Amino acid sequence: MEYAENILGTIGNTPMVKINKIIGDIPALVLAKYETFNPGNSVKDRMAVKMIADAEADGRLKPGGTIIEGTSGNTGMGLALAAIVKGYKMVCVISDKQSKEKVDILKAVGSKVIVCPTNVAPEDPRSYYSTSKRLAEETPNSWYVNQYDNPSNAAAHYESTGPEIWKQTDGKVTHFVVGVGTGGTISGVGKYLKEQNPNVKIWGIDTYGSVFKKYHETGIFDENEIYPYITEGIGEDILPKNVDFSVIDGFVKVTDKDAAIYTQKLAKIEGFFLGNSAGAAIKGLLQLKDNFTKDDVVVVLFHDHGSRYVGKMYNDEWMRERGFVEDVAKNASDLIKEHQDFPLITVKTEELVGHAIERMKKYNISQIPVEDTTGFVGALDETDLLRKYLENKNVADLPIKEVMRKPFPIVNKNTPIEEISKLIQKENNAVLVDLGDGKFNIITKHDVISAL
Ligand SMILES: Cc1ncc(COP(=O)(O)O)c(C=O)c1O
């Protein structure tokens, strides 16, 4: 029989997966260390159990105690799983920029969750660093984990993640690329790989709004580098003790927009449904492409799972609201992309207004072109109908000819969005797009506004 003693026994030994398409023309073999196969769906399970085991061993954590941690979600998940198996209580202090899914998931595994504001200085009593420390002081028989400065964090990756990567690549790994938050992953893996082969290059992925890159390059902790950012899991406004700058060869910064767009791309292009720091990591790897040759074996570590980001980077509206849209609509073709396969809904001049209303309700549309045998001769929209209704309550029985306004202007597929915006005004709620072969589609005010 083959089974784990409990869920903690399934941590580690995650697969390595070849990345095929998204890397474009990078000549190297690029492999993903795919950490979502851990039971808490992130790499952080590894360090969570190690931090607990070490704290138990030296008496910092006692039977029945309360574990308290400031966490962006994933460490909390790993700790919560271990707390369940080992009989501890778990309190997670989380910042309000983290996704709602992460909070709900932590609660689902029995953790108490306290949410703190993101945009305050670390020393501010409301920050999640200060709140975690205060709670640990106030709670009897508690242990404050402090993943930032706790050496067991990097040690876990030195003992498990690093050796796995070395073994899975048969010692051929030449570059390791990974997002940096507490620094545990990069420092532990980096130290192990460099001990096996000092020529292995270790690249950290940082974000705009974080201090790591500049500090690594200049030794200056520059407060001007600190500002709010959206990317989750990587970058810091402090220097955690777990970041061992001596094993890191360089940092690259990735924008919030690129990280979000590449999170979506990993899912759509490779079938890798992963978290936001994976998007940052793959985009950072692409930014580093000139460093890789055909004989290289590049390993990029993906920290966590996409399910934690369904309301954010995998939600098109959330992406659009932040301007995280790659293909900016330029012409009529772009504007009809979403609905060009649906037939254009029209009414005939001989029909009654009631028929038009029926069709508009059925297809949930606010305007409708009117045709006769010669082509488009008019249009109807909600405002016309309301205006007419106020004059005549029996509007539904009127012939369409009596109510319709002039036809929508017709553009072609290449008409620029600026020209279309000018055509859509008070007189025209929409324009028609001539697709050739007698086929037409419609661009409404809503389409243009959504594209903006
Ligand atoms: C999603 C995600 N990515 C990246 C990181 C950074 O990993 P590390 O803290 O080991 O530097 C974290 C850490 O919290 C994370 O949760």
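Predicted model: local features only at pLDDT ≥ 70, side-chain atom pairs only at ≥ 80, totals over all residues.
View 1. Local features need pLDDT of at least 70 and side-chain atom pairs pLDDT 80 or more, whereas totals for chains, interfaces and linings use all residues. Residues are numbered from 1 along each chain as its sequence is written, and side-chain values use heavy atoms, without hydrogens and water.

**View 2. Surroundings of the ligand.** The ligand is surrounded by 15 residues (a heavy atom within 4 Å); the closest are Lys44, Gly181, Thr182, Thr185 and Ser277. On its own the ligand has 390 Å² of accessible area (Shrake-Rupley method, 1.4 Å probe), and the protein covers 98% of this area.

**View 3. The largest pocket.** The largest pocket has a volume of about 1500 Å³. A pocket is an open set of points on a 1 Å grid over the protein atoms alone, where a 1.4 Å probe fits, with protein on both sides within 12 Å along at least five of seven lines; lining residues have an atom within 4 Å of a point. Grid points are joined across faces, edges and corners, and the volume is the space filled by probe spheres set on them. Of the 39 lining residues, Arg320, Asp334, Leu335, Glu338 and Ser450 lie nearest the centre of the largest pocket. Helix α8 (DSSP run of H or I, at least four residues) gives the largest share of this lining, five residues. Domain 1 (1-326) and domain 2 (332-451), with bounds from an automatic or database assignment, both contribute to the lining, so the largest pocket lies between them.

**View 4. The second largest pocket.** The second largest pocket holds about 710 Å³ of space. Among its 42 lining residues, the closest to the centre are Lys97, Tyr129, Tyr229, Gly235 and Glu236. Two or more residues each come from α2 (74-86), α4 (128-138) and α6 (184-196), and α6 provides the largest share, three residues.
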